[in-house]
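Hi there,

Here is the structure I promised to pass on to you.

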Amino acid sequence: MRHILSVLILNRNNADDVLSLYEDLMSQSFQDFHVIVIDDNSVENDLKKLLNLEDERFLVYSFPTPWKFGNDNKWNMGLRKANKTGSKYTYTIQSDMEINSPALLEELVAHMERDPQCGAASPTIYNKTGEMTWGPGIEKVRMGKTYNINETFITRNEAMEEMNYVNEKLVFYGHEFYFNNWLKLHGFNTTPLAGVSVTHYAGGTSSKYQSYKD
């Protein structure tokens with residue numbers, strides 16, 4: 001059965017966080033989704049926790065050795081898996097995040113449906129002390145250019161397929177910067193949303209990939 005949304009989570013030895021996030025997802029008002037977990041060389045006991053979850057909407061893909069480019073390569077692979085399922089959108093969320101809004105997925109999908117020129121949209125992000133670190137009015141600067149989606153976002157799979165995902169020669173600079181600017185160059189907008197939010201506790205999976213980038 002096809003679902004309109006794929007939820008992509010990257011994991012490396014953070015199965016408990018992934019499963020906690022899964023519980024958040026099960027409480028969402030919007031349920032037309034499946035979960036894709038890309039696991040990077042987790043220890044056996046950690047991986048077993050994911051594989052033991054009995055839910056046909058919870059898909060785990062495991063790689064026995066760490067990939068050189070770590071986080072960005074997992075993101076690429078996850079998007080390819082999502083497109084093969086026939087989903088229309090993919091929502092990428094880090095394992096060390098907590099969903100604050102029960103209508104998060106509903107609002108993200110509704111925004112993409114309302115605006116066919118939106119290539120990606122990101123919820124507001126707070127840190128563990130309650131400070132806003134991302135949202136409307138906040139932009140990042142990288143390589144002299146600004147971009148306004150960050151850390152967790154919904155993407156339009158059709159646009160990602162046309163872009164051929166992230167060019168591996170550019171992953172060192174980060175997928176957020178690359179595809180955000182690609183989308184803008186090709187007539188898509190990228191939008192931070194105020195009405196829904198997540199909390200980013202930091203120190204999770206993404207911080208464990210840096211040693212693979214040489």
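Strand β11 (residues 189-200) is largely enclosed by the rest of the structure, because nine of its twelve residues are buried. Buried here means under 20% relative accessible area, exposed means over 50%, and partly exposed is anything in between (1.4 Å probe, protein chains only). Helices (H or I, at least four residues) and strands (E, at least two) are DSSP runs, numbered from the N terminus.

Before going further, a word on the source: this is a predicted model, in which local features need pLDDT of at least 70 and side-chain atom pairs count only at pLDDT 80 or more, while totals for chains, interfaces and linings use all residues. Residues are numbered from 1 along each chain as its sequence is written, and side-chain values use heavy atoms, with hydrogens and water left out.

Back to β11 and its partners. Two strands pair if DSSP finds at least two bridges between them. Strand β5 (residues 97-99) runs antiparallel to β11 and is joined to it by three bridges; in this pairing, isoleucine 99 stands opposite valine 198 of β11. Strand β6 (residues 118-127) runs parallel to β11, with eight bridges between them. There you will find alanine 121 opposite threonine 191 of β11.

For the chain as a whole, the count is six helices and eleven strands. Of its 214 residues, 54% are buried. Contact means heavy atoms within 4.5 Å. Among contacts between residues at least 6 apart in sequence, 78% join residues at least 24 apart.

Once neighbours within four places in sequence are set aside, isoleucine 36 has contacts with Ser6, Val7, Leu8, Ile9, Leu59, Tyr61, Gly78, Lys81 and Ala82.

Next, the helix pair α1 and α2. Two packed helices are described by the angle between their axes and the distance between the axes. For α1 and α2 the angle is about 15 degrees and the axes are 9 Å apart. This makes α1 roughly parallel to α2. Axes are lines fitted to C-alpha atoms, for helices over the stretch in contact, and angles run from 0 to 180 degrees between N-to-C directions. Angles under 35 degrees count as roughly parallel, over 145 as roughly antiparallel, 65 to 115 as roughly perpendicular and the rest as oblique. The crossing of α1 past α2 is left-handed, a term used if the near helix is turned anticlockwise from the far one by less than a right angle (right-handed if clockwise). On the α1 side, Ala15, Asp16, Val18 and Leu19 meet Asp46, Lys49 and Leu50 of α2.

How many salt bridges are there? The count comes to three, taking a salt bridge as a side-chain nitrogen of Lys or Arg within 4 Å of a carboxyl oxygen of Asp or Glu. Here they are:

- Aspartate 16 and lysine 49 pair through their side chains at 3.1 Å, N to O. This pair links distant parts of the chain, 33 residues apart, with aspartate 16 in helix α1 (residues 15-26) and lysine 49 in helix α2 (residues 44-51). Aspartate 16 is partly exposed at 48% relative accessibility, as is lysine 49 at 38%.
- Lysine 48 and glutamate 44 have their closest N and O atoms 3.3 Å apart. They are four residues apart in helix α2, so about one helical turn separates them. Lysine 48 is partly exposed at 40%, whereas glutamate 44 is exposed at 53%.
- Lysine 88 and glutamate 113 have their closest N and O atoms 2.8 Å apart. Lysine 88 is in the loop between α3 (71-85) and β4 (89-92) and glutamate 113 in helix α4 (residues 104-114), so the pair ties together parts 25 residues apart in sequence.

Finally, two backbone details. Asparagine 13, in the loop between β1 (5-11) and α1, has a positive phi of about 60 degrees although it is not a glycine. Asparagine 41, in the loop between β2 and α2, also has a positive phi, near 60 degrees.

Enjoy exploring!

Best wishes
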